[in-house]
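Here is a short briefing to read alongside the structure. Please keep the view open and follow each topic in turn.

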Amino acid sequence: MRAVDKERGQVKFGQRRIVFEIRRSSRRRTVGLQVDAERVLVSAPHRVRLETLQDFVLSKAPWIVKKQNEFAKMGLPPRRKFTTGEPLLYLGRRYTLERLPEEEGPAIRLWGGSFQVWANTASTARKLLEVWYEGRALERIPARVEFYSRQLGRTPQAVYIRDQRSRWGSCNLKGELRFNWRLMMAPSLLLDYVVAHEVCHLLIFDHSPAFWRLLGQIMPDYEERRRRLALTAHQYEL
């Protein structure tokens, strides 16, 4: 099957060319903007024309350039080879990978300050780590959803853990919440921000001022947590 090309646009800001990816959704009512270490992402309803999105990005260009410069100073983490000594994060704490030859098949455990992984290939080591993080997410995230749901008096229909490349979490009109297992690399404060954010969408589906006021009621420092997540998001990758 032929891959579908991603929709993109670009604008010129001074001597800088800003290329952005467009993700459209029938559920969106407004245009949203995300900037991380690798891309500029614009989320928009299907009906919005490319020219309108270009004007929107141009209006945000000073902020986009500022964020891109911040990420450039931090630098991207090196590509993983899944060899002994590489750092790994779990709930914001730094651990070291210790890769060992398989004895009775592939295996993994967190032991002291190390992830001990019995894997003969890098791909096997990656898969073991992904499954481990997903398991920890299944243990922790539903409990945090329940904690914030009780505060708002609204219970989701279901909570799923997914391998989402471009989202930390999502909420659909059915009241189903989905979370990225990579959140288990982030500090608990940032994980809780994403959980509280999505739980608030059970009551207010958009990002209107009313939504942010609601989030502020259950998490007064959400703006700082949101800022920290945006600055450190590139660290939470395998």
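## Helices and how they pack

In this predicted model, the axes of α3 and α4 approach to within 9 Å, crossing at roughly 55 degrees. An angle between 35 and 65 degrees falls in the oblique class, and α3 and α4 are therefore oblique to each other.

**Helix pairs**

- The crossing in which α3 passes α4 is right-handed.
- Helix α4 covers residues 188–200 and helix α5 covers residues 209–218; their axes come within 10 Å and cross at roughly 130 degrees. That angle makes α4 oblique to α5.
- The crossing of α4 and α5 is right-handed.
- As a reminder of the terms, a packed pair of helices is described by two things, the angle between the axes and the distance between them.

**Helix α3 on its own**

- Helix α3 spans residues 122–152, which is 31 residues.
- From the first C-alpha of α3 to the last is 44 Å, close to the 45 Å expected at 1.5 Å a residue.
- Where does α3 bend? The bend is at L138 and amounts to about 30 degrees.
- Just after α3 comes G153, with a positive phi of about 70 degrees.

**Layout**

- Four strands make an open sheet in the order β1-β2-β4-β3, and the pairing is mixed.
- At the edges are β1 (7–13) and β3, each of which pairs on one side only.
- From one strand to the next, the twist averages 30 degrees.
- In general, strands of a sheet pair through backbone hydrogen bonds, in either a parallel or an antiparallel sense.

**Partners of β4**

- Strand β2 (residues 16–24) pairs with β4 in the parallel sense, over four bridges. Within β4, V42 is the residue opposite I22.
- Strand β3 (residues 32–35) runs antiparallel to β4, and four bridges join β3 to β4.
- Which residue of β4 is the bridge partner of L33? The partner of L33 is V42.
- G32 stands opposite S43 in β4.
- A hairpin is formed by β3 and β4, with four residues between the two strands.

**Burial of β4**

- Is strand β4 (residues 40–44) mostly covered or mostly uncovered? Strand β4 is mostly covered, with five of its five residues buried.
- The side chains of a regular strand alternate between the two faces of the sheet.
- In β4, V40, V42 and A44 point one way, while L41 and S43 point the other way. All of these residues are buried.

**Layout**

- This open sheet has four strands in the order β5-β6-β8-β7, with mixed pairing.
- The edge strands here are β5 (87–90) and β7 (107–111), each pairing on one side only.
- On average, neighbouring strands of this sheet are turned by 30 degrees against each other, direction ignored.

**The β5 and β6 pair**

- Strand β6 (residues 93–100) pairs with β5 in the antiparallel sense, over four bridges.
- Which residue is the bridge partner of L88 in β6? The partner of L88 is Y95.

**F82**

- F82 has a phi near 55 degrees, a positive value in a residue other than glycine.
- The loop between α2 (61–74) and β5 holds F82.
- Is F82 buried or exposed? The relative accessible area of F82 is 3%. Buried means under 20%, so F82 is buried.

**L91**

- L91 is not a glycine, yet its phi is positive at about 50 degrees.
- L91 is placed in the loop between β5 and β6.
- The relative accessibility of L91 is 21%.

Technical notes. Residues numbered from 1 in each chain as written. Predicted model: local features only at pLDDT ≥ 70, side-chain atom pairs only at ≥ 80, totals over all residues. Heavy atoms only, no water. Expected span 1.5 Å × (residues − 1). Bend = angle between axes of the 7 residues up to and from the residue. Buried < 20%, exposed > 50% of the residue type's maximum accessible area, 1.4 Å probe, protein only. Pairing = 2+ DSSP bridges. Axes fitted to C-alpha atoms, helices over the stretch in contact; angles between N-to-C directions. Parallel < 35°, antiparallel > 145°, perpendicular 65-115°, else oblique. Left-handed = near helix turned anticlockwise from the far one by under 90°.
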